[in-house]
Amino acid sequence: MSILGSADRLAEALAHLGMTIDTRAETGDASSSWTAKLLSKGVGACADKAEEEAGEFIQALREESDDRVASEAADMLYHALVALRVRGVSLDDVAAALEKRQGTSGIAEKASRKD
Ligand SMILES: N=c1c2ncn([C@@H]3O[C@H](COP(=O)(O)OP(=O)(O)OP(=O)(O)O)[C@@H](O)[C@H]3O)c2ncn1[C@@H]1O[C@H](COP(=O)(O)O)[C@@H](O)[C@H]1O
């Protein structure tokens, strides 16, 4: 199988989620929106939640079904986006970082590091 599946579908889902998070950050109500509630707690709380979700994803990778892995990956991606938003780092910034690496092997990049 391919990791990509439908690129349009993934791009649309991420764009939709990013727009929702932006809207919640601007006009969301912490009593009815998890996103607004988490954002209102600041960077530390968003980082703690992203860490917890990353741990749950890793546990699913090791011990759980493919469906659970996909579900935990979705939780982790969502909480990563919320954490990016609270830090003021946009998905454009992430795209730029990914684009910069295109065409460079991870092994070559590691070998080029000074430390
Ligand atoms: N993708 C998500 C998403 N993934 C997870 N969560 C919430 O994240 C919270 C924490 O998830 P957990 O699995 O850790 O739940 P938990 O262990 O019971 O939580 P705690 O013990 O930490 O309180 C839950 O309330 C989940 O519902 C999400 N909340 C929102 N979204 C997206 O954001 C949109 C806006 O949501 P609101 O901001 O809540 O309106 C939604 O329509 C979704 O598209």
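Two residues are in contact if their C-beta atoms, placed from the backbone, lie within 7 Å. The legends below use contact in this sense and describe a predicted model.

**Figure 1. Overall fold of the protein chain.** The predicted protein chain contains six helices and zero strands, giving the pattern α-α-α-α-α-α along the sequence. Its C-alpha trace spans about 50 × 35 × 30 Å along the principal axes. Of the 115 residues in the protein chain, 17% are buried. Among contacts with a separation of 6 or more, 48% join residues 24 or more positions apart.

**Figure 2. Surroundings of the ligand.** The shell around the ligand consists of Leu17, Thr20, Arg24, Gly28, Ser33, Trp34, Thr35, Ala36, Asp75 and Tyr78. Helix H1 (7–27), helix H2 (34–40) and helix H4 (66–87) each give two or more residues to this shell. Sorted by class, the shell has four nonpolar, four polar and two charged residues.

**Figure 3. Helix H1.** H1 lies largely in the open, because the number of its 21 residues that are buried is two.

**Figure 4. Leu17 and its contacts.** Leu17 is placed in helix H1 and is one of the residues that surround the ligand. Leu17 counts as partly exposed because it has 17 C-beta neighbours inside 10 Å, whereas a buried residue needs 20 or more. Leaving aside residues up to four places away in sequence, Leu17 touches Tyr78 and Leu81. Tyr78 also belongs to the shell around the ligand. Leu17 and Val82 are 65 residues apart in sequence, and their C-alpha atoms are 9.6 Å apart in space.

**Figure 5. The largest nonpolar core.** Nine residues form this core: Ile21, Leu38, Leu39, Cys46, Ala50, Leu81, Val82, Ala83 and Val86. The elements that give two or more residues to the core are H2, helix H3 (43–63) and H4. H4 gives the most, with four residues. In soluble globular proteins, nonpolar side chains tend to be buried together.

**Figure 6. Leu38 and its contacts.** Leu38 is one of the residues of the largest nonpolar core. Beyond residues up to four places away in sequence, Leu38 touches Ala45, Cys46, Lys49 and Val82. Cys46 and Val82 are also among the residues of that core.

Terms used. Residues are numbered from 1 along each chain as its sequence is written. This is a predicted model: local features need pLDDT of at least 70, side-chain atom pairs count only at pLDDT 80 or more; totals for chains, interfaces and linings use all residues. A residue is near a molecule or strand if its C-beta atom, placed from the backbone, lies within 6 Å of it. Ala, Val, Leu, Ile, Met, Phe, Trp, Tyr, Cys and Pro count as nonpolar, Asp, Glu, Lys and Arg as charged, and the others, Gly among them, as polar. A residue is buried if 20 or more other C-beta atoms lie within 10 Å of its own, exposed if 12 or fewer, and partly exposed in between; C-beta atoms are placed from the backbone. A nonpolar core is a set of buried Ala, Val, Leu, Ile, Met, Phe, Trp, Tyr and Cys residues joined through C-beta atoms within 7 Å.
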